[in-house]
Amino acid sequence: MMQRLAVIGDPVGHSLSPQIHMTWIDAQGRKASYESIRVPRGETAAALADFSRKKFRGLNVTLPHKEAVLETVIDTSPAVAAIGAANTLTRNTDGSWRADNTDAPGLMAALRRAGIGDVSDKTVLVLGAGGAARAALYALDRGRANLIVLNRTVEKAGKVIGACCRRSHRFGPLEDLALHAVKADFIINTTSAGHGGEFLDLPEGKGRLFFEMSYGAPAKAQLAQARRMDWIAEDGLGMLVCQAAESFAIWFDCALPDVEIALEACRETLKLNE
């Protein structure tokens, strides 16, 4: 029987998820399909009921539905409960959905690819306190990293630490970036500061890692500035593919698929779209 999978969001046409998952489906010879489906804001619950009736095996969830799905789904993983958002849904035998968040393991796998194999006792500077930061804080806190969260709204940084972390961590205003960057083992940027061609000013990197959560055109200005300042700059495409691999393994109850072949396919697509 053909297994149906999809990514839902609004907008969703730009998503690389169909290419990523179809690369693995084709490579493994699976009877499955993966598509992108626009679900307008406010129609999440009705859409999930429809996907269940149509017997979709699983869904990836992107904006604006990552939090909205939790109003319908009651079977959730501990990561979803702490992060407050889901990016992977799997249909149960009774037609209900189980919610997972694969962003946290996806980030840790991407960091390993970038040469950070163990975050224990490392000082990690996290920029931003929005949705993208929550999964990062959840993963890094449980990896025993020492976190410093900087955000334009300082109060929000404190609240997101309290929601996503088991331990206490430092936080402050984004204006203190240069002050804290000097002491950090590496930086993770979850803000959209560089998406309009501008960028956050970084001090000298001295060969340390600057991990930019975004990828493609929105990440170009920030990555270029980081490299000028002697940071090893990595974009978030590796994390996108790594978290997708976690979803794939959940749906098919299998080992993680080959990240490299999907990553290469995505890089080629992004080059063609430049």
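This is a predicted model: local features need pLDDT of at least 70, side-chain atom pairs count only at pLDDT 80 or more; totals for chains, interfaces and linings use all residues.

User: Great. Is the peptide bond from aspartate 10 to proline 11 cis or trans?
Analyst: That bond is cis, with omega near 5 degrees. Proline 11 lies in the loop between β1 (3–9) and α1 (17–28). Helices (H or I, at least four residues) and strands (E, at least two) are DSSP runs, numbered from the N terminus.

User: And what about the bond from leucine 63 to proline 64?
Analyst: The leucine 63 to proline 64 bond is cis, with omega near 5 degrees. You'll find proline 64 in the loop between β3 (56–61) and β4 (75–76).

User: Why flag those?
Analyst: They get flagged because most peptide bonds are trans, and most residues other than glycine have a negative phi.

User: Switching to phi, then: what is the value at lysine 55?
Analyst: Lysine 55 is not a glycine, yet its phi is positive, about 60 degrees. It sits in the loop between α2 (44–53) and β3.

User: Buried or exposed, that lysine 55?
Analyst: Lysine 55 is exposed, at 52% relative accessible area. Buried means under 20%, exposed over 50%, and partly exposed in between (1.4 Å probe, protein chains only).

User: Where is aspartate 121?
Analyst: Aspartate 121 is in the loop between α4 (103–113) and β7 (123–127). Its phi is positive too, about 70 degrees, although it is not a glycine, and aspartate 121 counts as exposed at 59% relative accessibility.

Key: Residues are numbered from 1 along each chain as its sequence is written. Side-chain values use heavy atoms; hydrogens and water are left out.
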